[in-house]
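Please find below a colleague's note on the structure shown here. The points are numbered so that each can be checked against the sequence and the coordinates.

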Amino acid sequence: MGKLALLSVSDKTGIVELARQLVENFDFELISSGGTAKVLQEAGIPVKKVSDYTGSPEILGGRVKTLHPRIHGGILARRDLEADLTDLANNDIRPLDLVVVNLYPFEQTIAKPDVTVADAIENIDIGGPTLLRAASKNYAHLTVLCNPTRYEDYLTELRNGGGNVSLEFRQGRAMEGFMMTAAYDRAISAYFAQITGSPTPFTLSGTPIQTLRYGENPHQPASWYKTSEEGWTGAIKLQGKELSYNNLVDLEAARRIIREFTGEPAAAVLKHTNPCGVAMGATLAEAYEKAFNADSTSAFGGIVALNQAIDGATAQAMTKTFLECIVAPDCTPEAKEILAKKSKLRVLVLPDLMTGTATTVKVIAGGFLVQDTDDRVDLPDEWQLVTEKKPTEAELAEMLFAWKVAKHVKSNAIVITRDRVTLGVGAGQMNRVGAAKIALEQAGEAAQGACLASDGFFPFDDSVRSAAAAGIKTIIQPGGSIRDQDSIAAANELGLVMVLTGIRHFLH
């Protein structure tokens with residue numbers, strides 16, 4: 001008598017080929033339920049329906065199919081325990097060698113805009129999680145597969161092991177089974193919290209992608225986990241060395257800032273999560289050149305994010321210096337060929353580069369903090385024009401550019417721009433006066449006629465006065481200080497334009 005496998009999947013990806021290989025090459029007999037049995041029968045693969053195997057019909061509209069002693073006895077039996085083997089024999093139960101199962105698409109169902117509670121309830125799998133938990137628990141005696149990407153790995157194990165599967169492989173797949181049921185239950189509980197108006201539990205769980213060489217420093221172990229198939233998990237690395245922990249942190253900061261700019265070509269160069277140069281241009285190559293030259297010293301060894309596909313001219317410009325990583329939504333064949341000359345340069349294509357995450361999470365001792373992502377779209381129509389001198393349309397456009405950049409600079413943040421190019425960036429300072437001093441000194445003579453953006457309000461008028469002395473003509477800041485009027489009065493005295501946004505963008 002051959003080995004016995006149970007196949008019961010909602011996601012049918014690869015199931016026919018797996019079943020065919022099991023039957024033809026490894027002497028498996030198959031039992032299956034519902035739609036899976038139908039798919040296998042239509043493919044001409046011999047399979048016995050679960051109802052025929054158990055002698056019990058599917059009931060309650062298919063809600064009860066695999067919940068039967070002949071199934072779960074075959075899964076949970078310990079083959080090294082004589083009492084278990086006796087129970088199997090006395091009850092005419094065959095031990096199962098393989099369980100292939102995945103779950104009803106609950107999360108995909110509730111994501112539909114017109115989903116009803118009844119639809120959601122019907123997509124709560126009962127038999128599937130039960131099979132997964134049982135088979136994962138008893139991994140010492142059988143294999144569980146819940147991810148179609150593991151089918152070929154399992155077949156390879158059978159080939160290399162003479163029909164046997166290593167304990168290490170079975171244990172790994174058991175881990176994936178428990179992870180799937182845990183994530184599934186979290187999604188269901190969160191949905192019920194939502195529809196009942198209860199406080200929503202927040203849990204964070206990820207599937208390990210790889211162990212990184214180290215974290216921020218060589219003495220810190222680090223790993224990369226994924227929570228979905230989107231975002232950096234879905235990035236295509238065209239070339240370059242393995243991504244490091246710091247690379248990924250910087251790339252995420254780059255993604256957040258470049259998604260502020262749509263339409264016209266834009267480029268951002270970052271170091272240590274802060275932009276050292278951001279620019280827009282008539283072409284992508286022009287935007288990159290301006291962003292790089294905004295602070296070429298800091299840009300050395302930086303991260304570059306582009307809002308359009310890398311073309312040949314931009315690729316050529318980027319090969320002139322040392323860069324750590326480049327990310328863009330696409331890359332032309334010509335650009336790939338040019339960038340290939342820098343074999344160690346990491347080049348990533350992230351098609352959904354311009355999308356974002358709904359929440360951000362920070363770990364603290366004994367817990368973590370969760371907040372909505374700061375993805376508010378700020379519009380000049382919502383700003384308060386507080387000075388006697390009013391901005392032109394061109395000045396409003398410049399202030400919007402500077403404001404978007406300041407949003408992604410660590411607080412306290414001051415950003416100087418002109419012609420939609422950053423000239424000076426004061427990041428992460430302990431006081432706003434210090435941040436303004438750094439940004440203005442970096443801008444130098446180029447600050448004449450430029451715009452200054454501050455991510456927080458001015459508690460005194462000193463920053464306004466130092467800005468005017470450096471040649472700044474327009475200022476954008478949140479407002480909200482009890483001494484706002486002092487800053488407004490200073491701006492009027494010095495002939496500056498100043499607008500208050502009414503919203504701040506601290507970044508810690």
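1. In this predicted model, D486 counts as partly exposed because its relative accessible area is 31%, a value that lies between the limits of 20% for buried and 50% for exposed. The side chain of D486 meets that of R483 in a salt bridge, with 3.0 Å from N to O. R483 is partly exposed as well, at 37% relative accessibility.

2. Side chains of opposite charge can pair when their charged atoms come close. How many salt bridges does the structure hold? The count is 21. The pair R483 and D486 is one of them, and two further pairs are described in the next points.

3. E176 and R173 form a salt bridge whose closest N and O atoms are 3.1 Å apart. Both residues belong to helix α10, which spans residues 167-196. Because they are 3 residues apart in this helix, about one helical turn separates them. Are these two residues buried or exposed? E176 is buried, and R173 is buried too. The pair also takes part in a network of salt bridges that links R150, D153, R173 and E176.

4. E382 forms a salt bridge with R376, and here the closest N and O atoms are 3.1 Å apart. E382 is partly exposed, with a relative accessible area of 43%, and R376 is likewise partly exposed, at 39%. E382 is found in the loop between β15 and β16, the latter being residues 384-385. If residues up to four places away in sequence are not counted, E382 touches R376, V377 and T501.

5. Helix α19 comprises residues 484-494, and in it D484, S487, I488, A490 and A491 are buried. Why can these residues be said to lie on the same side of α19? They cover an arc of only 160 degrees around the axis, and therefore they share one side of the helix. On the other side of α19, Q485 and E493 are exposed. The elements that cover the buried residues of α19 include α18 (462-469), β20 (474-477) and β21 (497-500). After α19 comes G495, which has a positive phi near 75 degrees.

6. A nonpolar patch on the surface is formed by F202, L204, V361, V363, F368 and V370. Together these residues have about 530 Å² of accessible area. Two elements give two or more residues to the nonpolar patch, namely β14 (359-364) and β15 (367-372). V361, for example, has its place in strand β14 and is partly exposed, with a relative accessible area of 31%.

7. The reader may next consider the cysteines. How many disulfides are counted? The count comes to 0. C325 is in no disulfide, since the nearest cysteine sulfur, that of C276, is 13 Å away, whereas a disulfide requires two cysteine sulfur atoms within 2.5 Å. C325 is buried, at 0% relative accessibility. C146 also counts as buried, at 7% relative accessibility.

8. Some details of the backbone deserve a separate check. The peptide bond from S411 to N412 is cis, with omega near -10 degrees. N412 has its place in the loop between α16 (393-406) and β17 (414-418).

9. D92 has a positive phi, near 55 degrees, and is a residue other than glycine. D92 is found in the loop between α5 (82-90) and β4 (98-101). Is D92 buried or exposed? D92 is exposed, because its relative accessible area is 54% and the limit for exposed is over 50%. R420 is not a glycine either, and its phi is positive at about 55 degrees. The place of R420 is in the loop between β17 and β18, where β18 covers residues 421-426. R420 is partly exposed, with a relative accessible area of 30%.

10. The last point concerns S296, which is found in helix α13, residues 296-299. S296 counts as partly exposed, at 35% relative accessibility. S296 and A285 are 11 residues apart along the chain, and their C-alpha atoms are separated by 15 Å.

Note on methods: Residues numbered from 1 in each chain as written. Predicted model: local features only at pLDDT ≥ 70, side-chain atom pairs only at ≥ 80, totals over all residues. Heavy atoms only, no water. Buried < 20%, exposed > 50% of the residue type's maximum accessible area, 1.4 Å probe, protein only. Patch = residues over 30% accessible without salt bridge, like charges linked within 9 Å, V, L, I, M, F, W, Y side chains within 5 Å. Areas by Shrake-Rupley, 256 points an atom, 1.4 Å probe, with all protein chains shown as cover. Salt bridge = Lys/Arg side-chain N within 4 Å of Asp/Glu carboxyl O. Helix = DSSP H or I, 4+ residues; strand = E, 2+ residues; numbered from the N terminus. Arc of directions from axis to C-beta. Contact = heavy atoms within 4.5 Å.
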